[in-house]
Amino acid sequence: MSKILTISVAAYNVEAYIKENIESIIAAKVKDDIEIFVVDDGGKDGTYEIAEGYKNLYPGIVHAVHKENGGYGSVQNYSIAHATGKYFKILDGDDWMDTEGLTKLVEYLKASDVDAVVTNYYKGPDKNSLNLFDLSSKCEAYVPFDPNKLQIAIGMWALTFKTEVLRKSGMMLPEHTLYTDRIYSTIPFTYAKKMVVLDFPVYCYRTGRDGQSVSRASRIKHIDEYLSVTEIICQHYAEDKRAHKEYVLLKASAAYKVSIRALLLLPSTEENIRKLKDYESKVKSIAFDVYRKSSSLKTRMGWVITFLRITGYKGYWMLGKIPKKKIDY
């Protein structure tokens with residue numbers, strides 16, 4: 001039986017969090033309109049067994065999946081391929097839903113035919129320490145919703161896509177690669193025509209957990225994955241001629257600035273300055289608009305990139321004297 005909403009939970013070694021994750025969904029009054037794919041991506045802890053327990057308690061709602069490790073992108077590829085929900089939303093295994101907001105979202109989706117929905121979200125280490133990210137107030141000037149007029153890049157936490165749009169986009173996220181949520185939150189926009197922003201939070205994004213992909217240590221360890229994801233987004237901007245071109249440029253530029261910031265976290269060596277210069281050259285050749293927009297002086301990172309370029313990258317050595325923990329441009 002088809003559902004209104006499919007929720008894809010990437011659950012790799014998250015047994016300490018997965019109960020809170022699943023229960024935040026099944027507590028919703030609209031749980032029968034939802035299917036949850038809890039995808040244990042080759043984990044080594046008890047995540048899958050916990051998911052199996054919920055599958056037995058809530059058949060037809062919770063689906064426990066165990067597969068060989070393929071990375072975050074492979075989880076979403078699997079869930080999109082198997083989803084029966086009219087709409088699709090991602091939830092990381094250590095995060096959770098605002099149950100009331102989820103109920104409101106599903107009730108809205110029942111009577112909706114839009115291609116994408118943007119909602120507010122919470123961010124913090126636990127339920128008692130959450131900050132609201134109020135995207136609806138930032139987007140209200142652009143209703144009817146026009147992404148090309150936005151000045152903010154919207155992440156996956158705020159997004160719900162029509163499943164048909166995801167499939168139509170032909171998006172296949174790269175496997176064994178972190179940060180693919182950036183691709184997920186960019187490419188489908190190109191195929192979405194009707195969008196809406198709703199003024200309540202749904203997603204709760206946990207911060208401060210050891211081992212998170214956004215940590216400084218992880219960004220350094222997985223720097224090449226960071227760069228490849230940004231390159232895919234830039235390539236999409238350069239090659240796709242559909243709508244929302246200005247918004248995709250904004251997203252690509254934001255991803256590029258984050259990638260340069262990550263490169264500056266590396267030790268200051270001849271090899272790493274070469275890596276930085278080569279990457280600048282590659283993106284310049286792929287998508288000159290992205291290369292140019294990233295140096296806008298409206299942001300601190302734009303100033304940093306401009307400084308690097310006008311000094312012929314000799315400024316790299318000056319920036320290298322700044323303690324790496326202070327790099328927060």
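Tutor: One term to start with: contact means heavy atoms within 4.5 Å. Among contacts in the protein chain between residues at least 6 apart in sequence, 78% join residues at least 24 apart. Keep in mind that this is a predicted model.

Student: OK. How many helices and strands are in the protein chain?
Tutor: There are 14 helices and nine strands. The radius of gyration is 20 Å, close to the 20 Å from the globule rule for 329 residues, so the chain is as compact as a globular protein of that length.

Student: And what box do the C-alpha atoms fill?
Tutor: Roughly 60 × 45 × 35 Å, along the principal axes.

Student: What percentage of the residues is buried?
Tutor: Buried residues are 56% of the 329. As for the surface, the accessible area is about 14,900 Å², and carbon and sulfur atoms account for 51% of that.

Student: Switching to charge: how many positive and negative side chains are there?
Tutor: The chain carries 47 positive and 41 negative ones, and the centres of the two sets are 7 Å apart.

Student: Now Glu280. Where is it, and is it buried or exposed?
Tutor: Glu280 sits in helix H11, which spans residues 270-286. Its relative accessible area is 2%, and the cut-off for buried is under 20%, so Glu280 counts as buried.

Student: Which side chains does the Glu280 side chain make polar contacts with?
Tutor: One is the side chain of Tyr256, at 2.4 Å. Another is the side chain of Arg309, at 2.8 Å.

Student: What about Pro59, buried or exposed?
Tutor: Exposed, with 61% relative accessible area. Pro59 is in the loop between helix H2 (47-57) and strand S3 (62-67). Pro59 and Glu35 are 24 residues apart in sequence, and their C-alpha atoms are 9.6 Å apart in space.

Student: Last one, Tyr122. Which strand is it in?
Tutor: Strand S6, residues 116-124.

Student: Which residues is Tyr122 in contact with, leaving aside neighbours within four places in sequence?
Tutor: Among them are Asp98, Leu130, Asn131, Leu132 and Pro201, and the list also includes Tyr203, Cys204 and Tyr205. Thr160 is 38 residues from Tyr122 along the chain, with 15 Å between their C-alpha atoms.

How values were computed. Residues numbered from 1 in each chain as written. Predicted model: local features only at pLDDT ≥ 70, side-chain atom pairs only at ≥ 80, totals over all residues. Heavy atoms only, no water. Helix = DSSP H or I, 4+ residues; strand = E, 2+ residues; numbered from the N terminus. Rg over C-alpha atoms; globule rule 2.2 N^0.38 Å. Buried < 20%, exposed > 50% of the residue type's maximum accessible area, 1.4 Å probe, protein only. Areas by Shrake-Rupley, 256 points an atom, 1.4 Å probe, with all protein chains shown as cover. Lys, Arg positive; Asp, Glu negative; His and termini not counted. Charge placed at Lys NZ, Arg CZ, Asp CG, Glu CD. Polar contact = N/O pair within 3.5 Å; in protein donor to acceptor, adjacent residues only side chain to side chain.
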